[in-house]
Amino acid sequence: MALSRSSSQSSHRRLIFVISAVLCITVAAAFQSDELLVDDEEFGLEGGLHTKSPDLTFTRPTPPPPSTTASTTRKRFSDPDSDSKIQFQLHHAFGDSDFSPAGTFSARLKTWNHGGQTLTKLRFSRNAFTEEEKEKFALLLKGDDFYRIRLPSSVLNPPGRDYVISSVKARCLPREGLDEHFVIHTDGINILAVNYGSPGACPYPRQMKIPGKWSFNSHTVLKNSEQAPRAPVFAEDILGVGGEVGEGEIIPPPERSFWAKYWMYAIPLGLIVMNAITQAMNMAEEGAGQPAGQAQQPAAVQRGSSSAVRRR
Amino acid sequence: MGVASMAIRGFLLLLLFLSAAHLSFSLYEDQVGLMDWHQQYIGKVKEAVFHTPKSGRRRVVVSTEENVIASLDLRHGGIIWRRVLGSNDVISGIDIALGKYVITLSSDGSILRAWNLPDGQMVWESFLEGSGSSKSLLSVPTSLKIDKENLILVFGKGSLHAISSIDGDVLWEKDFAVESVEVQQIVQPIGGDVAYVVGFVGSSHFDVYQINVRNGELLKHNSAPFSGGFSGEALLVSSEILLTLDSTRSKLVLVSFQDGEINYQQTPISDIFGDSLGTPVLLPSKLPGFFSVKLNGAVIFIRVTGEGKLEVLDKVNNVAAISGAISISDGQQAFGLVQHGDGKIHLTVKPTHDSSADLLKESIDMDNQRGVVHKVFVNNYIRTDRSNGFRALIVMEDDSLLLLQQGAVVWSREDGLASIIDVVTSELPVEKVGVSVAKVEQNLFDWLKGHILKLKGTLMLASAADVAAIQEMRLKSFEKSKLTRDHNGFRKLLIVLTRAGKLFALHTGYGQVVWSLLLPTLRKSETCKYPTGLNIYQWQVPHHHAMDENPSVLIVGRCGQSSEAPGVLSIVDAYTGKEINSMAAVHSIVQVIPLPFTDSTEQRLHLLIDANQRGHLYPRTSEAVDIFQREFTNIYWYSVEADNGIIKGHALKGNCNQEAVDSYCFESKDIWSIVFPSDSEKIIATVTRKLSEVVHTQAKVIADSEVMYKYISKNLLFVATVAPKGSGEIGTASPEESWLTVYLIDTVTGRILHRMTHHGSQGPVHAVFSENWVVYHYFNLRAHRYEMSVIEIYDQSRADNKDVLKLVLGKHNLTSPISSYSRPEVVTKSQSYYFTYSVKAIDVTLTAKGITSKQLLIGTINDQVLALDKRFLDPRRSLNPTQEEKEEGIIPLTDALPIIPQSYVTHNLKVEGLRGIVTVPAKLESTTLAFTYGVDLFFTQLAPSRTYDSLTDDFSYALLLITIVALIAAIFVTWVWSEKKELKEKWR
């Protein structure tokens, strides 16, 4: 009983601890919403997040996160891992036309202790198509032509060395609205490439479809380089323990059994021996079997070497 | 009964032999040369030194453009010995010292080596220090001795060195780098203790340094200005007179520097030649007392008399080459001269003292596929009648080497094959009905005899002579060198393009040259000064008309080195070697894209991209345009600007809007671009899949009966970039500032499917892309070792097609068309392994249907080819594979890739200067043909999973026949005999 009580007590204590911990976390989270700029653990992936900007007339599929207003107004440079807010423009072109602004990416540039800089917290606000642009886009749909976009290759001093361009057949975008998917490959402050397309499949032959509503449903993904796996380092272990599988040499085939190895010699040998035995028995019969007569021959011998026995 | 048991025993023995024949997997000693051949070359000869002692082997030592030093037998042209130096160790001088050492100067005059003349062993090697860069000059005086040591004078890297020819010790050196003198010659007058170093300072001063050869002490230095300026060329006429041209090339300037005193003597060219137009060119042949000038296509020999007067000796037209002077008997000297005329070459040997007389005049018929003579080297010998005879070694336009003697070609070497640029293969003609092959090549008796011999060999009854006969028969079987297509597809033509612009068709049987063609479009001409061959492509591969149409190949080249230079195209029949068509194209050629479409005559459509990113369609027929227009919107290509670090994707836009309407010209537009940050990435390697590769299955069944779908796309590009700091030699960058990033890019949309960084690694990167995997080789700076990594890419969008019910009901997406515009769902698996060697080339085996497992062919640093099973580079290798995984063939994980000595494809041979490996599938699924080229050529057949679909070459059909006959006979005998027996029984 006492035991159970103590256990229940301890469970209570645990519960309290958990609750307090949760409270702490929520407090921290609440605190964090104020200090969000400092604490940015995961960088990169921000799917389908949009800021509300006054120039947008259509409704967004996902509500903007509450912290964004705070983040847009603040700039901090005092921290060692300081970050600053930057913006860069998305341009688009219809077929072979010139590029024109189509939206704004905003992100925070995080400076690390070791001097490296990375982009985090990417947000995107898309300008709505104007009537003229809608017409142009409809033309593209008709001609199955390219809808092209571009981003500066450097976010600090755009356009950097050059713009990175991506394009998609316009017919891949329309669903109910216009679905688009950006994958931005970055390396520090540089944008290597942007991959633009529909978020799903776009099977060939592409069907012509005018979108129901001219609003963009954007998904953006920020991608950095992965670390390559290292060559396994365990040679010492293996060598130390047994060394039987080490070195990666071709493992010698397992020792075959005696029969597997020498059957080809054994069979003829057996035959020869059998032959010799029957021969010998024949000899014996020739000598001894004559008076005994045929009826006395054992059946087994008769079956085993009938031809030899019958032979006269 | 004895008969029966004998028969059974015999049968069993036969069975045994048959099974033993099946067990032979690896290559045995006597199988060398059965399916492979190896040819040794040396490359285009730069310099030749004859060594013709009165007795013993007469030889010529040559240095070549491929950085080979070789000693050739003068009797038959065979290689006595050969040393291949590295590709950056360019030989600049060669000579023979002490009559037993071959001295070579290489690497811009910084390495001097001595090789033993009889066997080519290196005797000594000296590294010469120097601070500057300059011409490198080698001078091996015959009679310069200091303390019984013969001296070699070397000028290189701005310093003059005196080196002992016995052990290569540097006795003294004198640095000229600070003097800013451009040294032209080192002169060592015979008998004196002084040497002169002469050269120009700037373009208006001439300097002479007199140096004591005993200790390198500078005795005298004189400098004299010259008002006219020098053209830069200089020619030594005698040991005290140098000849040069002034900067306007209108005056010949004789510079005499007797005892270090400089005197100029100018002679206007018009005084000598009259008023002729054209600029004179001094020909760099060392002729004593006179020199030769090329003017308006003719060569003029001019003698320098004692007082510095110039006197025209002779004027010869159509001169192709002039040799240096050689000394013949009683102190006289002679030189050789080669002229061209009416399909022949004319060799003339003249004495230097009297150029009007001819010591020798010969005309030799010459194969017109060899082009013009580029170089000639003359050597003399004493004829049986005690008169002087001459032999000449000539280097032709196609880089071949010939020895002429007594008006005939004694031997020739096709050394152009040492510099192969590109290779394609062609099928041989189909055997025509009506021509009995047996009648032409072998009669039945021979066939039977051969098989009886083989049988004897198999039953171990053959004598030594028989064994030799069998071996010879196997090596020289008629089957191998037939000029018709074979059932297994082993016989093919390898069509190779060499740097000299010559095409060779090599038979895969023994590598014999079937035809050769010196391409007219790739020859030097007025319109095309520096033609270079680029690539060969399959132009027409007839399948439907294989009986009556010949395949042809397209050769692409350009006039000049820059990519803006105008291109040249020619189309050559692959069977006859005749040029069918040629175009001195008006546009430049940056990229050639063979399109997957053919017209009604089975000519492949090619899109040639010029420097302005315009596409030009070939063949230029309306039919081709029609086919092209149908696929117009589905044509994409990419371009890599390695210097800029930009990769761009292009699509077609419409016809060119030029002044003239050209319906075969198309504008392009950029549809995607990838810009690598210039401060952190530099493109060093790009690899794609081979267009001809066949993939057998998309699905891969893994251990737990799961299916993985390979992401197979023809449009994948592998790109490797390194940090700019780490792009130099290994060791110049620290691991922290060096990294290697690899990408898999879809070339239609520019989508980066995979991106991965190897920290602390650097190039050079060699990679091969096949099916859904890439294997690449690089250097790991942290581990101080080379590594090989593999990336395999799998398609996840098809991964849920495992449900049988779905498959039955047709609710799968396996048959849906794949579009690059769909968002790919891919997963990649990768793993790195250490690999001991550095790599020169890497390729993968290709088979006809892609069923046979793959092997990587790795050209190692020691010029051999290693076959490594792809299974070793499986990213799914784990430390302790489960039983199922073992059954699947997964090898336990190790950190290094094994190098098994038996798996060298080249067995004990070396393919010197290995540059490339080409694999071609045979018709037989198990077999692939591998051709390796460098300075040497090597060809072999490979069976990565053994020859599971055919009997071995040495399978004895006679034995099989005899076995069957014997068995039938035995059956009859025993049958008759048992009948008799039974009858007897019944009568009993």
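A: In this predicted model, the contact between the chains involves 61 residues of chain B and 64 residues of chain A, and the area buried between chain B and chain A comes to about 5100 Å², with carbon and sulfur atoms giving 55% of that figure. Between chain B and chain A, 21 residue pairs are in polar contact, both residues being at pLDDT 80 or more. On the side of chain B that touches chain A, at least two residues each are supplied by several elements, including helix 1 (2–23), strand 48 (646–655), strand 49 (665–675), strand 55 (752–759) and helix 10 (957–987) of chain B; by residue class, that side divides into 26 nonpolar, 21 polar and 14 charged.

Two salt bridges are found across the interface of chain B and chain A, and one such salt bridge links Asp96(A) with Lys669(B), whose closest N and O atoms are 3.7 Å apart.

Because its relative accessible area is 13%, under the 20% cut-off, Asn190(A) counts as buried. Apart from neighbours within four places in sequence, Asn190(A) is in contact with Ser153(A), Ser154(A) and His185(A), and also with Pro677(B) and Asp679(B). The C-alpha atom of Asn190(A) is separated by 6.3 Å from that of Val155(A), a residue 35 residues apart from Asn190(A) along the chain.

Key:
Residues are numbered from 1 along each chain as its sequence is written. Chains are lettered from A and ligands numbered from 1 in the order in which they are written. This is a predicted model: local features need pLDDT of at least 70, side-chain atom pairs count only at pLDDT 80 or more; totals for chains, interfaces and linings use all residues. Side-chain values use heavy atoms; hydrogens and water are left out. Contact means heavy atoms within 4.5 Å. Buried area is the accessible area (1.4 Å probe) that two parts lose on being put together, summed over both. A salt bridge is a side-chain nitrogen of Lys or Arg within 4 Å of a carboxyl oxygen of Asp or Glu. A polar contact is a pair of N or O atoms within 3.5 Å; within protein, one must be able to donate a hydrogen and the other to accept it, and residues adjacent in sequence count only if both atoms are side-chain atoms. Helices (H or I, at least four residues) and strands (E, at least two) are DSSP runs, numbered from the N terminus. Ala, Val, Leu, Ile, Met, Phe, Trp, Tyr, Cys and Pro count as nonpolar, Asp, Glu, Lys and Arg as charged, and the others, Gly among them, as polar. Buried means under 20% relative accessible area, exposed over 50%, partly exposed in between (1.4 Å probe, protein chains only).
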